[in-house]
Amino acid sequence: MTAPFSAFLDEAAALLGPRGLTRDADLLAPWLTDWRGRFTGAALALASPASTAEVAALVRLCRAHGVGIVPQGGNSGMSGGATPDGSGTAILLSLRRMNAIRAIDPAARQATCEAGVVLQVLHEAAEAQGLRFPLTLGGKGSATVGGLVSTNAGGTQVLRHGSMRALVMGLEAVLPDGTVYSALTPLKKDNRGFDLKQLFIGSEGTLGIVTAATLRLVPQVAERVVIWAGVPSITAARALLLHCEAAAGDALEGFEVLPQSCLEAVLGHVPTARAPLADPHAWHALIEVVADAVGAASLRERAEAMIAAAFEAGLVADATLAASEAQAEAMWLIRESVAPAERAKGPAMQHDISVPVERMPAFLDMAVPTIEAEFPGTHAVGFGHLGDGNIHFHVIAPPGAVRAEWEAREGKAISRRVHDLVSEWHGSISAEHGIGQLKRDELERLGDPAALALMRAVKAALDPGELLNPGKLVALAPSPAKP
Ligand SMILES: Cc1cc2nc3c(=O)[nH]c(=O)nc-3n(C[C@H](O)[C@H](O)[C@H](O)COP(=O)(O)OP(=O)(O)OC[C@H]3O[C@@H](n4cnc5c(N)ncnc54)[C@H](O)[C@@H]3O)c2cc1C
């Protein structure tokens, strides 16, 4: 340990106390590898401040000693954004101890939460007030408010409610110089210049440390109907989506798609899973319609009429409405099991991509055969949030491939090709999982130079010493071009 670090650690220990700072390797270890197991780093210590004031004081201390800070919530992120590099010269700043729901205001339909509040806890707290927080995702038992804000997380309800950006009404963050930016009280109208909270939403801890947020709540769902439909093509799935949007309007809460091969992967992977329809179909759509209040014409009747009209228009080959909550849950379980089921099939390169919503069917019809032809033996599948123009595009290795070897030999080239195709179609190489360290080089390679320069200018203005989340998202100096 060099002298500057030991002085820093002494001061940090005095500031945070024994509960707030540890260097115990066993306590640190689980937080030094990302959820997907792709990245493992090292850290000087794990800091767990208990208040915004402690975060601010710690940031000032880090700045004085030139120590980097890697903010971390539930460590469920998909891009290695919360994993430090291997140098061991940064601290891991966990917000998990700051887990108070400061207030829920049912009249204003708002919850003010500290950064470490876990999404599932927020769901339960809102429900206890007859409300709900309308964002959910598979990692809800771990993901925290701070992480959700910092990655601008999405999930399966974006179609109706938007991603995190649409749900953050107010924010509190500690800036890289230790200043506390506090804008927790939402105003419906406020035109006093820049909307500064947006700087921290989706910036992956590179511009500030989110310590609290005021979030939008909506009325609890009074009734829901979940539908499983089989369609002959992804273009037909898109036509069905347009039909449902027109028929259900604001009641359409979710519209997810998966090809037959993904359904079969789930059926082989989850012992309790059953195919919702008797026959195979090229594509399947999982549709959810909800009512915030029980109306005169029941939601179920409206959903039945919607699907009957889809049959008449030739938009679906077959469909079934869940007859019970248990059946509805079973249908959603299939969707949520696609990623682990695909992973169990063997090595795969996973891409979280978006193109303009209306172009996704044409993109998939082009990208799947292109990739499979250029990388013989691979199998490409796209599944997910068709209504958001966001598909998880997995390219599965040829049978028998050895993960590390295949990823090094072919995987990187596949990802570059997928990202090239996405860019040619004016899409995004990260629709909802962020850039982190996973896609930083690809952002550098493919990002709009003007946008990258603007991001660097913002980073330079707020964090000229690059102490906040070093090596993630964007660096002040562009990295040299890689072959
Ligand atoms: C099974 C599963 C399913 C998932 N499904 C989805 C999905 O459908 N949609 C989706 O968008 N994501 C999904 N995710 C990814 C993940 O849950 C989200 O990215 C989530 O927002 C991460 O929250 P976290 O608290 O775990 O953040 P972490 O993983 O700890 O951190 C993520 C990033 O945010 C930064 N950060 C964390 N907290 C703060 C803070 N307080 N201040 C500043 N920066 C901070 C970190 O430095 C890092 O860059 C899924 C994850 C899992 C495990």
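In the predicted model, a polar backbone atom of G74 is placed 2.8 Å from an oxygen atom of the ligand. S150 contributes through its side chain, a polar atom of which is 2.9 Å from a nitrogen atom of the ligand. The protein buries 93% of the 970 Å² that the ligand exposes when taken alone.

The shell around the ligand comprises 34 residues, and those that come nearest are P71, G73, S76, G77 and T144. By class, this shell contains 20 polar residues, twelve nonpolar residues and two charged residues. At least two residues of the shell are supplied by each of β3 (68-72), α5 (145-151) and β10 (209-216). The largest share, five residues, is drawn from α5.

The largest nonpolar core of the model has 51 residues, of which L240, F255, V257, I287, F363 and F393 touch the most other members. Helix α8 (residues 234-248) provides the largest share of this core, with seven residues. The surroundings of F363 were examined with its neighbours within four places in sequence set aside; on that basis, F363 is in contact with I353, V355, L421, V422 and W425. Another core, of 28 residues, lies apart from the largest one, and its members include L131, A143, I201 and A213.

The position of H123 was considered next. This residue belongs to helix α4, which spans residues 119-128. The relative accessible area of H123 is 17%, and the residue is therefore classed as buried, the limit being under 20%. When neighbours within four places in sequence are left aside, the contacts of H123 are with F133, L135, T136 and K140.

In the loop between α8 and β13 (252-259), D250 is found. Because the relative accessibility of D250 is 56%, and exposed residues are those over 50%, D250 counts as exposed. D250 and G155 are 95 residues apart along the chain, and their C-alpha atoms are separated by 18 Å.

Backbone geometry was also examined. Most residues other than glycine have a negative phi. Against this background, H426, a residue other than glycine, has a positive phi near 60 degrees. H426 is located in the loop between α13 (403-424) and α14 (440-446). With a relative accessibility of 65%, H426 counts as exposed. E466, likewise not a glycine, has a positive phi of about 50 degrees. The segment that holds E466 comes after α15 (449-462).

Note on methods. Residues are numbered from 1 along each chain as its sequence is written. This is a predicted model: local features need pLDDT of at least 70, side-chain atom pairs count only at pLDDT 80 or more; totals for chains, interfaces and linings use all residues. Side-chain values use heavy atoms; hydrogens and water are left out. A nonpolar core is a set of buried Ala, Val, Leu, Ile, Met, Phe, Trp, Tyr and Cys residues joined through side-chain atoms within 4.5 Å. Buried means under 20% relative accessible area, exposed over 50%, partly exposed in between (1.4 Å probe, protein chains only). Helices (H or I, at least four residues) and strands (E, at least two) are DSSP runs, numbered from the N terminus. Contact means heavy atoms within 4.5 Å. A residue is near a molecule or strand if one of its heavy atoms lies within 4 Å of it. A polar contact is a pair of N or O atoms within 3.5 Å; within protein, one must be able to donate a hydrogen and the other to accept it, and residues adjacent in sequence count only if both atoms are side-chain atoms. Accessible areas come from the Shrake-Rupley method with a 1.4 Å probe; for residues, only the protein chains shown count as cover. Ala, Val, Leu, Ile, Met, Phe, Trp, Tyr, Cys and Pro count as nonpolar, Asp, Glu, Lys and Arg as charged, and the others, Gly among them, as polar.
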